[in-house]
Amino acid sequence: MERGGVAGGAGSPRNHAVGAWPGRAERPMRRCGRVASGRRGQWGLGACPGRSHRINGGGGGAGRFAPPVPSAAAMGLPAAVRDRVAAVHRGSALPERLRLYDGWAARYEQDVAALEYRAPHLAAASLAFAFPAPRAGARLLDVACGTGLVARELHRRGFRCLHGVDGSAGMLERARSTGLYQELRLCVLGTEPLPAPAEHYDAVTVVGALGEGQVPSSVLPELLRVTKPGGFLCLTTRSNPSNLRYKAELEAALGQLERSGAWQKLLAQEVEYWERATTEEESTQGTGYISGVVYIYQKCPVPHLEEG
């Protein structure tokens, strides 16, 4: 599942680096206390490691995004779309929530397109800029993969070895039809471990599922377990009023793991225009949109990087 337990749709690409400031030179990202060097170190997000930045989240790739133009129709989503989104966020019991996602699968991509949901594109762009080349042989796990919209964005950026897990059989059926995944497994994260051995993946993504009433923040150690040392984790959450308590809990857990030396934060990117709001109460300052965050972490310890 992508948005709110299911993964989401994409915006239009733009050619900027995540976190890049106009007129500022890019710097190599510091990895768990070391600056990467040699061929693997020739990348950067143009931002100091661990810094938080706020951007307007048009559909773009990395960096400064032109925001959508707010309009009086920003809240004019079809009632059926609003109802389906509200249903999966009501905090219902898990079996009922999974049943709702199974039923939503056929209309899911159409609905998130109406929402102008940008998280999959923004997350994939952020991970791609952080990830050292080559990407084709890297093994990635798309957690809460939904219908495969995150996989599409990753595939466009050169990632080819994609595995996915989701708690909804209906969503997995749609993901399988994309032909982008080498492996798909049914897994309800938060109630059972991921179906993978320790230190198996070069990167793990959780896009859209970390939110109130969805995947609990207590899953973070399990995500780290399946990530290789030096591997990357790309996570997202929303900043709308009804998700602020969850976001605070998530960021406390993220910080605790960083202080313990489990990983290092490379990016925390606030995006103002994350998706269209379904109610006036959820809208950010009357824009008709809600905001969200992309986080990139790197698991420690990092293997020694050879010079040259």
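How many Å should the 16 residues of helix 8 span at 1.5 Å a residue? The views below come from a predicted model, where local features need pLDDT of at least 70, side-chain atom pairs count only at pLDDT 80 or more, and totals for chains, interfaces and linings use all residues. Residues are numbered from 1 along each chain as its sequence is written, and side-chain values use heavy atoms, with hydrogens and water left out.

**View A. Helix 8 from end to end.** Helix 8 covers residues 244-259 and should span 22 Å, which agrees with its end C-alpha atoms being 22 Å apart. The expected span is 1.5 Å times one less than the number of residues. Helices (H or I, at least four residues) and strands (E, at least two) are DSSP runs, numbered from the N terminus. Just after the helix sits Gly 261, with a positive phi of about 85 degrees.

**View B. Two sides of helix 8.** Tyr 246, Lys 247, Leu 250, Leu 254, Gly 255 and Leu 257 are the buried residues here. Buried means under 20% relative accessible area, exposed over 50%, and partly exposed in between (1.4 Å probe, protein chains only). On the other side, Arg 245 and Arg 259 are exposed.

**View C. Strand 9 and its partner.** Strand 9 has 13 of its 14 residues buried, so it's largely enclosed by the rest of the structure. It pairs with strand 10 in the antiparallel sense over ten bridges; pairing takes at least two DSSP bridges between the strands. Look for Gln 269 opposite Val 294 of strand 10.

**View D. Gln 182 in its loop.** Gln 182 lies between helix 6 (169-177) and strand 6 (183-186), and is exposed at 57% relative accessible area.
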